[in-house]
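Q: Hi! Could you walk me through this model? I'd like to start with the ligand and then move on to the fold.

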Amino acid sequence: MLDITAKEQIAFIYLKNRSVATPVADLEFFDRDEIACTYSNEYRSNADAVSIDPINIPININTHLLKNGHFGVLRDSAPDLWGQILLAKFLDKSIRDLTIYDLLSSENSCRIGNLDFRNSEDMEGREAQLPYFAELEQLLALAEHIEREQEPPKDLDALLPLLVQGSSIGGARPKSTILYKDRLWIAKFPSIDDEFSNARVEFATMRLASLCGIRIPDMEIIDINGKEVFFIERFDRNPLPDGTFGRTGYISGLSLLKLSDETQHYGSYVAMAEVLRHYPYPDDVNELFKRMIFNILCRNTDDHMRNFGYLIQEDETLRLSPAFDIVPSPYYAGMERVSKQAIGVGKKGKEGSLNNALSVAATFTYSREEALDVIHKMIETFSQWKEVFSSADVTEEDMDKLDFDIERRWGDKV
Ligand SMILES: Nc1ncnc2c1ncn2[C@@H]1O[C@H](COP(=O)(O)OP(=O)(O)OP(=O)(O)O)[C@@H](O)[C@H]1O
Ligand SMILES: [Mg+2]
């Protein structure tokens with residue numbers, strides 16, 4: 001029986017190149033971790049109407065009852081750990097008491113993808129403030145206070161709503177969306193837990209990935225009073241002539257595979273490739289293979305299901321988004337040569353070995369020979385890593401914390 005104490009919100013969508021949002025569905029949040037999502041009749045009769053989530057919430061069904069954390073793109077539109085820490089502080093709640101309703105119950109101009117959530121249709125034209133580059137120094141200082149669990153001074157505390165706004169995107173690292181050079185970027189801040197200059201290492205690794213044939217967004221490293229900030233341009237936003245931004249729908253790897261936070265360990269590269277093969281973009285299937293190989297080569301063991309994203313096209317097909325968050329895990333003496341990836345690789349489960357990846361080449365539409373050729377070319381490029389890292393000013397000390405010795409790790413292995 002439906003719970004009559006349900007709380008309500010209205011989901012809005014930014015249709016392609018529109019700076020004004022359109023109401024798309026009514027959301028009812030029930031106590032038992034359930035959301036009823038009902039497309040509005042008006043929206044369904046709109047000639048441009050598309051599903052907000054073609055996998056989990058297709059528009060051909062009027063009402064979807066979403067349960068047990070399987071909220072698809074609704075969950076993708078909500079913040080992860082960092083944004084939740086801020087929101088809990090803002091709402092004066094414990095982070096454990098935050099509900100999916102809390103995560104989706106305020107308009108926010110920085111959410112990933114093209115959805116927003118408001119409590120009245122009258123708020124149609126409302127556009128919340130974006131954090132500007134000029135505010136970055138203070139936002140960094142505020143984030144550091146929060147990470148250190150110190151009470152920020154009053155002038156910084158006043159910026160909490162803006163940082164909450166900027167941090168509605170996912171991830172655990174302190175960060176904010178920032179308006180810079182008339183474009184929208186994610187600024188990833190240094191964290192007190194960093195073992196190396198994350199900005200430099202992430203920048204250099206992503207550049208190396210791009211040399212290995214992986215698509216990446218524009219990136220910069222910006223020094224703000226000695227703090228290195230990694231800027232990566234948002235691929236789900238495009239500048240419009242009126243100075244606002246168009247948006248593209250986004251669905252995470254987690255939602256692509258109909259998984260939830262609890263079941264995410266069932267995710268795998270193979271399962272993502274199998275879904276991608278239904279769409280008319282064979283290059284995406286090949287690129288996913290390259291990303292799997294690159295993550296193994298650079299020992300990025302944080303390749304979890306939310307570190308893959310897909311952009312929803314106007315015809316509801318899905319394209320692999322440009323890559324993000326490819327960061328090697330620090331290496332310690334005595335560590336196993338072969339890494340354990342966060343998701344399934346091949347016939348030997350999560351084992352991060354090139355042979356394990358090769359065992360499933362066919363799913364990525366490669367013969368063994370073709371896959372070997374891809375891997376060998378990538379290894380050849382990867383072997384130039386020191387030049388790439390030096391030109392990004394990664395220090396020798398930081399380079400020593402990586403396990404990029406291809407010869408030792410893979411020399412005789414494939
Ligand atoms: N360039 C981008 N454009 C649009 N969205 C992005 C971009 N980069 C990352 N994202 C989104 O923001 C989220 C957080 O980014 P990212 O994964 O880089 O942060 P993180 O804090 O390092 O994550 P993690 O908790 O996995 O370590 C991603 O899951 C993705 O949904
Ligand atoms: Mg991430």
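Q: Which residues come nearest to ligand 1?
A: This is a predicted model, and in it Gly 171, Ala 172, Arg 173, Phe 324 and Asp 325 come nearest, out of 19 residues around ligand 1.

Q: And how does that shell divide into nonpolar, polar and charged?
A: Around ligand 1 there are eight nonpolar residues, seven charged ones and four polar ones.

Q: OK, new topic. In what order do the four strands of the open sheet run?
A: The order is S6-S7-S9-S8, with antiparallel pairing. Strand S6 (175-180) and strand S8 (219-224) are the edge strands, each pairing on one side only. From one strand to the next, the twist averages 35 degrees.

Q: How many bridges link S7 and S9?
A: Four bridges, joining residues 183-188 of S7 to residues 227-233 of S9 in the antiparallel sense.

Q: What stands opposite Trp 185?
A: That's Glu 233 in S9.

Q: Which strands does helix H5 touch?
A: Helix H5 (residues 136-147) packs on the sheet and touches S6, S7, S8 and S9, with its direction at about 80 degrees to that of S8. Helix H8 (residues 198-211) packs on the sheet too, touching S7, S8 and S9, and its direction makes about 35 degrees with that of S9.

Q: Zooming out, how many helices and strands does the protein chain have?
A: There are 16 helices and 16 strands.

Q: What is the chain's radius of gyration?
A: It is 22 Å, which agrees with the value near 22 Å for a compact globule of 414 residues. Of those 414 residues, 43% count as buried.

Technical notes:
Residues are numbered from 1 along each chain as its sequence is written. Chains are lettered from A and ligands numbered from 1 in the order in which they are written. This is a predicted model: local features need pLDDT of at least 70, side-chain atom pairs count only at pLDDT 80 or more; totals for chains, interfaces and linings use all residues. Two strands pair if DSSP finds at least two bridges between them. Helices (H or I, at least four residues) and strands (E, at least two) are DSSP runs, numbered from the N terminus. Axes are lines fitted to C-alpha atoms, for helices over the stretch in contact, and angles run from 0 to 180 degrees between N-to-C directions. Two residues are in contact if their C-beta atoms, placed from the backbone, lie within 7 Å. A residue is near a molecule or strand if its C-beta atom, placed from the backbone, lies within 6 Å of it. Ala, Val, Leu, Ile, Met, Phe, Trp, Tyr, Cys and Pro count as nonpolar, Asp, Glu, Lys and Arg as charged, and the others, Gly among them, as polar. The radius of gyration is taken over C-alpha atoms; the globule rule is 2.2 Å times the number of residues to the power 0.38. A residue is buried if 20 or more other C-beta atoms lie within 10 Å of its own, exposed if 12 or fewer, and partly exposed in between; C-beta atoms are placed from the backbone.
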